Amino acid sequence: MKILITGGRIIDPCQKLDVKADLYIADGKIVSITSPDDFHPDHTINAKNLIVSPGLIDLSATVFNPLLGSESIEKELGCAVKSGITTLAWMPVNSHTSPAMLISMVTKAKSKSPINIVPIAPLTVNMEGKQLNELNSLKEEISCGIVTNGVYPIMDTALKRRCYQYANMLGFKVFIFPQDPWLTKGFLHEGEVSSRLGLLGIPSCSETLGAYQELELIADTGIAAHFCRLSSSKTVEILQNAKPTFPTITADVAAYQLYLNEIDVSTFNANFNVLPPLRSESDRRGLLAGIDSKLISAVCSYHIPQPSIAKNSPFSETEAGISALETLLPLVLDLSKDDQSLIHALSLITHKPATILGSHAGKLTSGSPADICIFDPNYSYTFKKENSCSSGKNTPFYNWDLRGRVEYTLIDGKTVYQRSRN
Amino acid sequence: MMTVNLQEDDKGNLKHLLSLEYISKKHLLKILDLTRLFVDQKNLKSEVSKILANKTIINLFFENSTRTRTSFEIAAKKLGANVINFNVDVSSTKKGETLADTIQNLEAMSADLLIVRHPASGAAEFITKQLKTNISIINAGDGCHEHPSQGLLDLYTIRHHKPNLNELCVTIVGDIMHSRVARSQIHAFSLLGISEIRLVAPSTLMPPFVEKWGVKVFDNLTAGIENADVIIMLRLQKERMQGTFLPSLEEYKRLYGLTLDKLNHAKKDVIVMHPGPINRDLEITSEVADSNYSIILQQVFFGTAVRMAIMAYLLVPEISV
């Protein structure tokens, strides 16, 4: 099957490419941007005024929330595809995570959705931090190469160390949420707002203490590591200073963390309840600086859809998480002010997270899988709840004016999403 | 929707009393003025016991409290209202009824006013956002966030004894971190221009960034009450401690307990207050509590009048014209 994408602006951050050109695809793979001999397309996509980018790579999405039921998995994956995402890292939840169940869910999801799923293995049983999980079966059955204990701290450091030793032996990379287990019991950032609201806060030193500990464990066990969802500017500094000793460590931030801060929480609006919490304005700026300095090389959605019941209580009684697939692209696009920074912005959701995941996707080089996101970078709209495609309506971004709309999503050269034009 | 809009209806009338952080000075002064009428028991346009006749008031307490609940009940009954006490058993919450459902059910019972106390900060605001009818809400304490009626009665009491608020030094002593009373007090005192507000607490019980509230922070009692006009002692809330904040009650008493001796550091005509119930001989000695410095019982007396004023002001606003 030969596909031609014509008239678009091709941006491939991996090659630092930004050019008006046509893209040639055959048998599910990128052929080139120059016309190959004898190329007669079976199908042509008109990408005039649109950007042709590698399909987006999302480092972290919860597609199975037990509160929403397994029927919602397909809906979330469909929402991801509609949001331009072609590779998605499946975050485990702290229940229903027996290896057998996870294998079954992921296998079924793969059969129903074209999206590339990178399942992340839970490090401990039910992520409770008490027992090692059967990582080998996850590796063999669903090719897990990444392991995490999510936001659930492992109290017993000796056990944590053994978990890293074991995971490392099997070749896993660990996705770390740096935190101190005792300081992490709060509901929002410990700062001006938490004091005013009378809510227990999570101090920044919870994350920095966690970061220091993790660095030592990484050095001690040799495990490959990636730091997830940085929230404090101090953690950015710590990791920056650690770079010479730990050159392969990577870090990401959730897209929403770059736009929100503790002041948003002061309304008690549970849609701002996230873990790690939204911190101060200077932390937010520190995270943006971390992106500029490339210490933070990837941005993810950190999508956690919740049913309304999970958010419809006083703040401290609600579940954390933002439904974030649909805002990934617009929020990342808004980070760029010019063409130069547009390539950098797109790298945060294409080849950089792909590399972190150990995936060959995220680029438009010849021979790469034809996973493509074609979007209109200038289309502005107000993000409305009624137009939202996720099962989770828990996002504070409703009624925000956003820019950037996906027109087509292709996976392996097949158009898996096309925006309807009626 | 911020609390400032949440408390008022679109005509600018006070519909709910959720917090003192966002109350307008106009409404606060009107409530204090109305309190005066109830205290003096004269110059009222209508007969007191008819003001809330035929109104139904529900006390919805998710936390145990005999004192505040009784104070509201007495106040409501003095105004002629019907009062229902709805004590939410923790176990029935465990049976699965969400707070949102509880509120909806109560709304369906056509009450005029809900007085709510709940252990979660922000609960009063949350409840108000659920409302589908015209019912009014009074926050009787939401977690560590606010306790507006207490803040108002303390402000009234201070103003009664020390009318020149902008030449006043008020010191609040105790577990500030977990105190909804302190937060409400600070907002109320700031709004009416009390010139100096000081907080005294051990560092483990002082909220971070509290200097941003325009207060002075002390960890030493005698320094904190030096030349103070008003001292407010807070109850050491033993049941709210999550973890170890203090080595012992004995050490707390030695460092922060108010004695007659330490009181010498304050002004000669200092008044000593306490929201109650007092831990006798812990944060305050019997000598101080029973002395002429103490106006603790008067706070309780004014408390009833303040609560009458709040309820009347919310449900029958024309009364204060």
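Phe302(B) counts as buried, with 1% relative accessibility; buried here means under 20% relative accessible area, exposed over 50% and partly exposed in between, using a 1.4 Å probe and protein chains only. Tyr156(B) is buried as well, at 5%. This is a predicted model, where local features need pLDDT of at least 70, side-chain atom pairs count only at pLDDT 80 or more, and totals for chains, interfaces and linings use all residues. Residues are numbered from 1 along each chain as its sequence is written, chains are lettered from A and ligands numbered from 1 in the order in which they are written, and side-chain values use heavy atoms, leaving out hydrogens and water.

Let us turn to aromatic pairs. Rings of Phe, Tyr and Trp (its six-membered ring) pair if their centres lie within 6.5 Å; planes under 30 degrees apart count as stacked, over 60 as edge-to-face and the rest as tilted. Over all chains the count comes to 9 aromatic pairs. One of them is tilted: Phe383(A) and Tyr398(A), 5.1 Å centre to centre with 45° between the planes. Both residues lie in the loop between strand 16 (372–382) and strand 17 (401–411) of chain A, so the pair ties together parts 15 residues apart in sequence. Phe383(A) is buried at 6% relative accessibility, and Tyr398(A) is buried at 13%.

Now step back to chain A. Strands, like helices, are DSSP runs numbered from the N terminus (helices H or I, at least four residues; strands E, at least two), and chain A has 13 helices and 18 strands. Of its 422 residues, 62% are buried.
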